[in-house]
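Here is a short report for a first look. Start with the chains below, then read on.

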Amino acid sequence: MSLLQNGFGKGIRLKVFTITLVPLLVMTLMLAGYFISTRIADNETALIERGATMSRLMAAAAEFGIISELTPQLKALSKGPIQESDVKDVIFLNATGQLIYRSTELAFQFIPRPTPTYNQQNGYWLFATPVMATGILIDDSPEYSEQQSPEILGWVVIAISSDPMRQRQLDIITNTLILLLIGILVTFVVAARVGHTLTDPIIDLTELVGKLQQGQLSARALEQSDAEIGSLERGINLLAERVQASNQLLESQVDKATQRLRKTMQYLETQNHALHKARERADQANMAKDEFLARMSHELRTPLTSVLGFTGLLKQTSLSFEQQEHCRIISQTSTMLLAIIDDILDFAKLQSNAIHLESIPFSPEECIHSAIEMQAQSAATKGLELIYQVSDDIPPVVLGDPMRLRQVATNLIGNAIKFTEHGHVIVSLQRLESDDDTIRIEFTVLDSGIGIDPTQQAHLFSAFSQADSSITRRFGGSGLGLVIVRKLLELMEGEIRLNSMAGQGTEFICTLNCLPGAAALKGTSAGSLTHTKELIIFDRHRSSLQALTLLADKSVARIYPCRTLQQLSNYLEQVSGVNSALMFGLSADPAIAREQKQHIPALFRGFKGNIMLLVPSLNNDVTEITRVQNHHNITVLTKPLRKINLHKWLSHSATKSGRSQLISKLPTLTPGTKVLIAEDNDFNRLLLTRIMGTAGAVVSEAINGMQAIQLAEQHQPDIILMDVHMPRIDGIEATLQIRQFLPNVPIIALTANVVSSEEQALTDAGVNRIEYKPINDTRLLNTMRLLLKQEQGSLPPAARPHDEASATDLSHYKLSPKDLHAELLRQLTALQQGFSAQDIHKLRNHAHQLTGLAGLFELPALELTSSDLSQAVKEANIRKTWHCLWRLQRLIEHHQYQDDAGDS
Amino acid sequence: MDKCGLTRQPLNCGARIMLSLFGWLCIIKLCVASAAAQALIVLSNEQQPYQIVSREIILQSEGPVPQSISLNNLHQKPSGYLQQFSPIITVGSAATDYVFAKAPAGSQIISSFIPQPGYRRLLNRYSDRLQSLRHTALFLDQPYYRHIALARAVQPSARSLGVILGPTTGKDLQALETASRARGFTLNHDELVSNDNPLQMLQPIMARSDIFLALPDQAIFNRTTAKWILFMSYQQHIPLIGFSRSYVDAGALAAVISTPEQIGRQTAEILNRFNESGALPQASYSAYFSVITNPQVARNLNIELPVPSQLEARLKEVEQR
């Protein structure tokens, strides 16, 4: 019962009993069944075999008895078998089946058969065997032969009772079943016993594991078993102990770790705080670094510019040759130092991705040209031909960063000149096919210099590396130029590659992407034919000649290119007329140039048309030629020739020089007209003074509003030109005050601003006319004439800023670009001083002046940057201020503001 | 087992074939030479005893070599085939039966190697036909006197001779009694009726006799009973005189027989005489015979048995008297 209650229900106990008992039972039953059936079958078989054997033997023995039918014989024969307990009858039958003899009388039926048979009848087994004649051969001759088959003489039938056999079978079954029962009983008892010894500990262990799972780690198994189960019990106990121990250990470790974590978190918090402070310090330091960089650049540049400026001044004094040479060296080294500082700063900014490209409209042709012009002097000094080839498909205007492109060009051209001792530097610009809307421009600088060894080419674009360390010693430089170039080109989605062969020259090929510009900055008619019909072009240098021919190709009906003086002389004889022109390219080689100069007077003498003398640099002394020749139709220009200049030159009448003609076109004022100019910017004031002077006026100058009021009162001017933004008293206030005592004097306000409120304020103050900067001399003079009633007519509507393309040509007023540059430098210096002194007022003032200047002379890049500077100063953003200042510095010092102002 | 010295030694198989081939060659040759007087030997079948008889006839014949043919081959021949031969020697009952039936009138027929009862049956069957034929016979079996003489020679002191007659031998009782008397025996006899058990009948006869004579009658002496008759003779210590070599081998004390060679030889003599005189003798038993004994049985029965040659000599001596 307990088994049923505890074990048979489920679990291991049932399984143990099953695997123990079931196979055993099955096997036992099968064996018992097999044993019983075999024994019974054996018993029956034994009976049958016995009966058959007995019957066979009897048949063999009974042959004589049956033949002779002698009953006593048969009786004697049957005595043996009949003594067996189960043999109940022995019967002898003759061949006809008739009974001869039988032992007892039993009722059964017998059907004679020719073979031994046995069957059961009435509880008897009957075994019948035919008695066959076993004859002998007695005839010698076939004459006596018998044709006989084996003859059946009779039958012997033995009747065996089946009762004893059945009794034996019963005994077998009974005994086997008793044995089986005992076996099963014993097996069951043994299985139950063994099962218990096996399952009890396992069940206990299972319960223990359950307890352990529930967390009762103190629970232990009773170690009562031997062998494997015993090992298991001990093992589980050991495991439980270890788990308990490790649990305790873990708990303590977790406690410790938690404490440590807490401490760490506290520490981290402290650290975080410290980091925060450190970051603040770093930010401050970074800001300080920026400031330092700005200051350093300024601090380095200010003295350098002073050095340069004073060297320039020193040069103008009477110096001995030695002193002049020293001045030149000072100037050269200072410029180099300045360039190196700029390079380093550029590189640093590129490295930190601090440079962002601008996207403003510019002319790529002019941009590169301005870079070439800057280097023209040094090329000329070295006697190098500097050639500029521009393909026709270069768009006049694209969107991009002209300043950076010029920087790239300046760098590459500068390098080319630097590393070329003889020959030429060819700069070419062409457009490449591009898949998208962008304009792909290829800019190539080819020189005939020392070249670069292939092994050194790989290191060429590495920072601070030059092709050869000896180059640094020989040519100087920071070694950053090409790195900066490459970085800038990458920013322009371009690339740079080079072809070079040592000793033969180098070709740098740059490609860059620009966006297409909206419209042409200036309408040029360079493409159309001019009135010059025939043009003789002379240049000894093949590429230079080619470039010039290409340049003039579209503008002239016929071109006669020639490379020798002899050829030129021939052409001059053939072509001579007012509509013909001569373009003479003076060789860059000083020796050849000297020779050419000797021939020039003779060559030019009989020529009626315009002559353009292209010199490598303006330093070339050609005044002698022009003076001696007294050729009013000679125009001297520097190489390379600008397309616009060519066009202008070709468009001029052959009879008069371009300059006199241009000047004569300007309107004049009635001589003695008193003009008061109120302008705080020195350069602007100078320009206005010159314009007025040229126009025949008497000028009085005021540098601020206050002074303007005083001078107006003193001089009673006929007309007043009033700058709006002036220190102390601005133009509006000054107008208001002047109007009080000079109510009718025309006052023209000059402003670069486009704010309508300011416009209104000026009108309210009594300004007659607002003229927007940049100043157009013709327009201004015409307006003045109208206001002064020196000319009848109505005033044209006020022009909007920048809507007129014609700015004043400084050269007309003996104001060279150098004067402008000097003025710009002055402004820059003032700005830098203001920045150093953190003088916001000064910064704003000079930023404003610079904006005015830029506006006046149509310098968009400069104007943009200076207005950015004004904005930055207004926002008190030091970093931006410094950035704008730095940009201004670059623009001004490297003449990069001139991209669009070149022809003004 | 001793063999009779009068018989020819059996030849080995190869020699026999050679001889046979030689014989056939002679026959073919002589057939071409003198076909008119040629004898035909018709064999009942091709078993060895018939072959031996035929060979012996051919070897011993002095006139034209007889031609030999088996009954099976003869069946293939045209109906007038037998006409060209004289005499026709039949070997065995079947050949005799056929020739009696088929032989043309006037044919001379010598029936050899045939049991006397069988010949008698054929004579009865073809009694009409035999009117037109000349015929004689040489029997295979032995005359009763010769058996009885052997019984006397074996047991000189015996007084009663047991014998059972069957359907075949029943009518010879008179001859038996005569011969028994002549040899000094009292004949104990009984005759088997159809349903009688021969063994049951034999037992009292044997019990009363000093020596028992087995006669060739299949109703009594057959494969089944022969063994048990021997068993009974052993049981009762009565010596049994058999009628064949096989029976002597099986357990009979002695027997007198004519071998095929002896039959052949005598047939050849008849043929030779016929060829010479054209006369056919009366049907008779073979003059040549052999005695066979079983010394082992003699020892068991405590009989001192003379050697077969002595017995043969004694028999011949008796016959010559």
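How many residues does the contact take from chain B, and how many from chain A? Chain B gives 33 residues and chain A gives 23, with contact meaning heavy atoms within 4.5 Å.

## Basis

This is a predicted model, where local features need pLDDT of at least 70 and side-chain atom pairs count only at pLDDT 80 or more, while totals for chains, interfaces and linings use all residues. Residues are numbered from 1 along each chain as its sequence is written, chains are lettered from A in the order in which they are written, and side-chain values use heavy atoms, without hydrogens and water.

## The interface

About 2,400 Å² is buried between chain B and chain A. That is accessible area (1.4 Å probe) lost on being put together, summed over both parts. Carbon and sulfur atoms give 57% of the area.

The rule finds 1 salt bridge across this interface. Glu63(A) and Lys227(B) form it through their side chains, at 3.4 Å, N to O. The cut-off puts a side-chain nitrogen of Lys or Arg within 4 Å of a carboxyl oxygen of Asp or Glu. On the side of chain B that touches chain A, helix 9 of chain B gives the largest share, 8 residues. Helices here are DSSP runs (H or I, at least four residues), and strands are runs of E (at least two).

## A sheet in chain A

In chain A, 5 strands form an open, parallel sheet, ordered 19-18-20-21-22. Strands pair if DSSP finds at least two bridges between them. The edges are strand 19 (698-702) and strand 22 (769-772) of chain A.

Strand 21 (residues 747-751) of chain A is joined to strand 22 of chain A by 4 bridges. Ala749(A) stands opposite Ile770(A).

Technical notes: Buried area = accessible area lost by both parts, 1.4 Å probe.
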